[in-house]
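Let's take a friendly walk through one part of a protein model. Keep the structure in view as you read.

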Amino acid sequence: TGVVAGITKVCNVHGYLISEGERIPHDGELTSRGYNVESLVRGYQAENRFGYEEVSYLLLFGHLPNQKQLDFYRQVLSQVRALPQSFVQDMILKAPSRDIMNKIGRSILALYSYDEFSQDEGLEAELKKAIYIIARMPTIMVNSYMAKIGTYDNQSTYFHPVRPGETVAQSILSTLR
């Protein structure tokens, strides 16, 4: 409790109970758009599937997608998943990091320099920017991992191209293979 999970009331963190005016520590609960995040994760695990697209859709649009919406959203993400030309060389390979999360953060900031829509304003433009970042984060992750293992772990690397039409999970696996 007390952790700011978003400025738009997208999330809520609950970390204690009040009983007879006294705060009692609680294991904690994170809800996003009214959904218990732990319950979402357990549901995906129980169904042996990945929820990246569905959860990002939930965060963007405020509700979980139906199958038709999910299929269209996956198609949109697939079309913009590839990184800009020379991005991997310039931003990931020239300055690899042992810390993949750090590299993802720095790479997302660097995408601004490659963003043809950076000066566009309005809800549609902001949504487009968010979708581009959501689509590209797994690609950045895989490329950052490959740069890390090649540079710091002395393992061989091969950078496979992104294949259009794949889900996020399929894309991660096909580019990591």
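The model you see is predicted. Start in helix H2, where tyrosine 57 and phenylalanine 61 sit 4 residues apart, about one turn of the helix. Are these two residues buried or exposed? Tyrosine 57 has 8% relative accessibility, so tyrosine 57 counts as buried, the cut-off being under 20%. Phenylalanine 61, at 35% relative accessible area, is partly exposed.

Phenylalanine 61 also pairs with tyrosine 73: their planes stand at 85°, so this pair is edge-to-face. Here distant parts of the chain are linked, since phenylalanine 61 belongs to helix H2 and tyrosine 73 to helix H3 (residues 67-79), 12 residues apart. Tyrosine 73 is buried, with a relative accessible area of 3%. Through ring pairs, Tyr57, Phe61 and Tyr73 form a cluster.

In the whole structure, a search finds 5 aromatic pairs. Two of them are set out here:

| Ring pair | Distance between centres | Angle between planes | Class |
|---|---|---|---|
| Tyr57 and Phe61 | 4.5 Å | 45° | tilted |
| Phe61 and Tyr73 | 6.5 Å | 85° | edge-to-face |

Now look at how H2 packs against another helix. The axes of H2 and H6 come within 12 Å and cross at roughly 160°, so the two helices are roughly antiparallel to each other. The crossing of H2 past H6 is right-handed. Which residues of H2 meet H6? They are Tyr52, Ser56, Leu60 and Phe61, and their partners in H6 are Leu127, Ala130, Ile131, Ile134, Met137 and Pro138.

Finally, helix H2 (52-61) and helix H6 (123-151) are among what covers the buried residues of H7. Those buried residues are Val168, Ala169, Ser171, Ser174 and Thr175.

Conventions:
Residues numbered from 1 in each chain as written. Predicted model: local features only at pLDDT ≥ 70, side-chain atom pairs only at ≥ 80, totals over all residues. Heavy atoms only, no water. Buried < 20%, exposed > 50% of the residue type's maximum accessible area, 1.4 Å probe, protein only. Contact = heavy atoms within 4.5 Å. Axes fitted to C-alpha atoms, helices over the stretch in contact; angles between N-to-C directions. Parallel < 35°, antiparallel > 145°, perpendicular 65-115°, else oblique. Left-handed = near helix turned anticlockwise from the far one by under 90°. Phe/Tyr/Trp six-rings, centres within 6.5 Å; stacked < 30°, edge-to-face > 60°.
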